[in-house]
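Welcome to this short briefing. Please take a look at the model below, and then we can walk through its sheet, its helices and its charged pairs together.

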Amino acid sequence: MLLLAIVTTCCADFVNAQDDSQPKKPNFVVIFCDDLGYGDLGCFGNPTIRTKHLDQMATEGMKFTQFYVAASVCTPSRAGLMTGRLPCRSGMCSNTRRVLFPNSKGGLPAEEVTIAEALHDGGYATACIGKWHLGHHKQYLPTNNGFDYYFGIPYSNDMDRISSAPKGRKSFWEPKSEYFNVPLMRNEEIIERPADQTTITRRYTEETIKFIEQNQDKPFFVYLAHSMPHIPLFRSPEFEGVSRRGYYGDVIEEIDWSVGQVLQKLRDTGLDENTLVVFCSDNGPWLIFDDHGGSAGPLRDGKGSTFDGGMREPTIFWWPKTIPAAEVTADVGSTMDLMATFTSLAGLPLPSDRKLDSYDLTPVLKQTGKSNREALFYYRGYELMAVRVGPWKMHLKTQTGYGQPKAEVHNPPLLYQLEEDPGESRNLAKENPEVIESIQKVIEQHQKEMVFADSQLEL
């Protein structure tokens, strides 16, 4: 019996040693801004906003110059990231109400599978910290969509403006937190209302660091979704007046500080070489707010538009010793691709009972191949506005982000070669009828399989 006990103990020790030697599942951190422009970072060409931590992140990682979001406004864009699906498949869009509001009754349908749910089922600890905007009623909150922990605001920081606040844009030019009765939540409880937005970027950062510390011995997924630089702009006292770009620059430089804090925590805990960090934004800059809005750089238009300025985002992937340093890729990617990429890297299955619009970017990140994405579809609500295939983008309809009541229909469509003309200024339709014909075939195939879900935004 003693011999058997010794053998059993030795076998158990051997099994444990084998388990310890198995590669750990990678951690994932997504840092997601709100209304950040393609031209708002130093590493993407901004001349006056200092983003030393993001610049270093790009130097140590991979910069995507052609990375897109699922929509040009908050709610549908975030739904696309979370589900790996075009928002019109889940009903998280509308032709009339472009985002969810405090009086909205709908939210992300329970039958949708989020990245958090897929990873949580695979043993990951999960946290959503920051702006959610996929439904503020209990059944739609992050804690009912795969996240163990939530700390943040449930919708945009300009909502719930009180009646006594200054009218028009005065509340934005000289903002105070008390003008906007936005709730700050921990899990399903409101802990502060109105949220003190002057310290919200700092507090999101502290919560993220705390979650990493508490979960460093297990795989984790953190979705850090900053409220900024969505107007009204707020920054901590330490960042007042630090940027040559003014108020807006102060806000971006505080976000840059936040990124630096998160990356340093990963280094300090020894998790950096086992953690993929992605930095991106939900849509382009809100240009109608002048110097309180950002810049799309060389791209055309901004938030609300299906021109590239509304949907192409400054994006960085960082994973020391896995992603080669100082790489720049022109491969087309999308926030919808995070679902397939994260599950692939974690060795977990994708949902097989639904149509996904997600493609695994692992070959791009590890430089072993290219993405399988062949087409990118630009929707505004349920309206297909444009399609990109390779370097070519064909516009069926165009509409500026704000101020144009109806879309302009183009027959024949507009055609731009984005790698030569990222500003979409030279229509090459007449010279390239065969390109138009080939893209139209892609559209026909896409529309055959497309099934729209009823709008959650109109409930």
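This is a predicted model.

- Strands β4 (residues 125–130) and β8 (residues 220–225) run parallel and are joined by six bridges.
- In this pairing, A127 stands opposite V222 in β8.

**Helices on the sheet**

**A buried pair and its network**

- Side chains of opposite charge can pair when their charged atoms come close.
- The whole structure holds 27 salt bridges.
- One of them joins D34 to K131, with the closest N and O atoms 2.5 Å apart.
- This pair links distant parts of the chain, 97 residues apart: D34 sits in the loop between β1 and α2 (52–60), and K131 in the loop between β4 and β5 (149–152).
- Both D34 and K131 are buried.
- D34 and K131 also belong to a network of salt bridges that links them with R78 and D282.

**A pair between two loops**

- E188 forms a salt bridge with K138, and their closest N and O atoms are 3.7 Å apart.
- Because E188 lies in the loop between β6 (184–186) and β7 while K138 lies in the loop between β4 and β5, the pair ties together parts that are 50 residues apart in sequence.
- E188 has 37% relative accessibility, so it counts as partly exposed.
- K138 has a relative accessible area of 55% and is therefore exposed.

**A pair at helix α8**

- D250 forms a salt bridge with R235, the closest N and O atoms being 3.2 Å apart.
- D250 belongs to helix α8 and R235 to the loop between β8 and α8, so this pair ties together parts that are 15 residues apart in sequence.
- D250 and R235 are both buried.

Notes. Residues are numbered from 1 along each chain as its sequence is written. This is a predicted model: local features need pLDDT of at least 70, side-chain atom pairs count only at pLDDT 80 or more; totals for chains, interfaces and linings use all residues. Side-chain values use heavy atoms; hydrogens and water are left out. Two strands pair if DSSP finds at least two bridges between them. Helices (H or I, at least four residues) and strands (E, at least two) are DSSP runs, numbered from the N terminus. A salt bridge is a side-chain nitrogen of Lys or Arg within 4 Å of a carboxyl oxygen of Asp or Glu. Buried means under 20% relative accessible area, exposed over 50%, partly exposed in between (1.4 Å probe, protein chains only).
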